[in-house]
Each structure stands twice: as structure tokens, then as C-alpha cells.
Amino acid sequence: MNKKSYIIDAFVNDRFSGNPAGVCVLDQWLPDDELQEIARDNGMPETSMLVPQGECWQIRWYTPVCEVDLCGHATLAAGFVLFNILGIQNGQVKLKSGAGDLTIALDDDYLILDFPARPGKPTKASRLLLDAIKTDPVEVIAGVDIMAVLGTQQQVLAFVPDFDRIRQLDRRGLIITAPGDEADFVSRFFAPNIGIDEDHVTGSAHCQLAPYWAEIMGKNKLLAHQLSPRGGELICELIDDRVFIAGKCRKAD
């Protein structure tokens, strides 16, 4: 059994930005508990597991505590490994995943994910959510995650998470978002129930964010900044029911 492991920073915009991801390239699948142990041992927010399948690759994603159905930054990191380390030449890789067929394309310094759009629906703010965010949101959108829309970028930056209450929300995690000062929109993401208190940069959350802000702003191509302590930059484009998410990667120091 061959196994090659890498640590890659995804969605970087300067040296100390981006979300570190583990990338583990296998020649065949290991038992689920061994895959989980690899991810736990890596200690990264998420680790992508890759196994070749003909001209495609199968991909799965693990946090240190569980498998998840979709992960953006660890997929972007996987693309960096496939193109820049393993030397795939054709400029596009097809992936088979539990979230359906995905692709990663290489365009100069950028990697571009082709992911499913996951728009949510407006909903009433629950008492639990209001207690968790300690402010009245402009709007609340329920989808894979609960998304609280705030009025300003400064409110997103100043938000102090209440992890005990966030754990009680009946979704994967909590997105806090607002219009950006230097970007079209900004966000932060919290998912303590899957082992990630605050994620540095969350590609999959933008499958919900991009459809919302595209409708609000009346345009399909958007620049996004995630305002975690490390931070990161994403370029999102909504086309029909797909979200194309572009970002840069580098091998971790």
C-alpha cells in the first residue's frame, strides 16, 4: 500500500494566510477507521483522501473527528498536489465524490473548483441563533449551514463566537457574512460539531454564500474574503446550478 502525504495552504493571498489542508494520495482505499486516524494524526482542519480511478480520482474528506460530504479548501489543495507535485499535465482533473462529480482546473496561478451550488432559504431567526450571535441580523438563510447576514464588515470582524450555542444549531455550522469593504462580501465560518471551531477559509460554505450574494448584488462573479485570523481570498462565479471557486495554493512552510 503506497501512501503519500502533503500539507498545502489553500486560498492564500499572502505568506501567512489560507487554510492548511492535508492531502493523502493512496493507491487503494483503506478502512474508514484508518482514514479517520490519518486525518486525526495530520491535525489539519481537513484532509482530502485521493485514490486513482481510471482517468478520474475518487476523493473523500475528513476533519480530525469525522468524514464530511464536501470540502473546498482540501479539494483545492488536492488539485495543487495533482498538478504541481504529481505532474498531471492536461489542466483539468475530474473527481468522483459523495457530493457528485467535481472538477479542478488549472488557470495560471489559480486553481478553479467546479462545485454544486447550495442556496439556502430565508428563515426566521430562532431564539438560539439570536443568543449565539448577540445581534439582530439583516437576514437569516437556512441551508446546509445557518447563515446570519450582518450589516457591515466590522460586525463580522468583531463577532465573538459562543461555541456552546453554535453546537446546538441544527445545521453543519454557522456562517456570519456581510458586504465587504475591499471585497464584494466577507464571511466567517464556525463548525464545532465537526471538530472545527473556526475554519480559516471554507470553500464549501461559498456554495451557499455565492448564490445569495449574486442575487443581492445582481452579478454572478464575486470577490470574497474570509476574515478568520489567517484569512483568505476566493473568487466565486455562479453559473446555473454550479459555483466555480478560484483560489491560490502553496506548499506549507
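**Salt bridges and their surroundings**

Guide: Asp9, Arg230 and Arg250 are joined in a network of salt bridges, in what is a predicted model. Because Asp9 belongs to strand E1 (residues 3-10) while Arg230 sits in the loop between strand E15 (221-226) and strand E16 (232-239), the pair ties together parts that are 221 residues apart in sequence. Asp9 is buried, its relative accessible area being 6%, whereas Arg230, with a relative accessible area of 28%, is partly exposed.

Arg242 and Asp114 meet through their side chains at 2.7 Å, N to O, in a salt bridge. Here Arg242 is part of strand E17 (residues 242-247) and Asp114 part of strand E8 (residues 110-116), so this pair ties together parts that are 128 residues apart in sequence. Asp114 counts as buried, since its relative accessibility is 15% and the cut-off for buried is under 20%. The side chains of Arg171 and Asp170 also meet in a salt bridge, at 3.3 Å from N to O; in that pair Arg171 is partly exposed, with a relative accessible area of 30%, and Asp170 counts as exposed at 60% relative accessibility.

Turning to the cysteines, a search of the whole structure finds zero disulfides. A disulfide is a covalent bond between the sulfur atoms of two cysteines. For Cys56, the closest cysteine sulfur is that of Cys24, and at 20 Å it is too far for a bond; Cys56 itself counts as buried at 14% relative accessibility. For Cys249, the closest cysteine sulfur belongs to Cys71, and the 11 Å between the two sulfurs is likewise too far for a bond. Cys249 is buried, with a relative accessible area of 13%.

The serine is Ser48, which is found in strand E3 (residues 46-53) and counts as buried, because its relative accessibility is 0%. A polar atom of the Ser48 side chain lies 3.1 Å from the backbone oxygen of Ala74. Leaving aside neighbours within four places in sequence, the residues in contact with Ser48 include Ala74 again, together with Cys24, Gly22, Val23 and Trp61.

How values were computed
Residues numbered from 1 in each chain as written. Predicted model: local features only at pLDDT ≥ 70, side-chain atom pairs only at ≥ 80, totals over all residues. Heavy atoms only, no water. Helix = DSSP H or I, 4+ residues; strand = E, 2+ residues; numbered from the N terminus. Buried < 20%, exposed > 50% of the residue type's maximum accessible area, 1.4 Å probe, protein only. Polar contact = N/O pair within 3.5 Å; in protein donor to acceptor, adjacent residues only side chain to side chain. Contact = heavy atoms within 4.5 Å. Disulfide = S-S within 2.5 Å. Salt bridge = Lys/Arg side-chain N within 4 Å of Asp/Glu carboxyl O.
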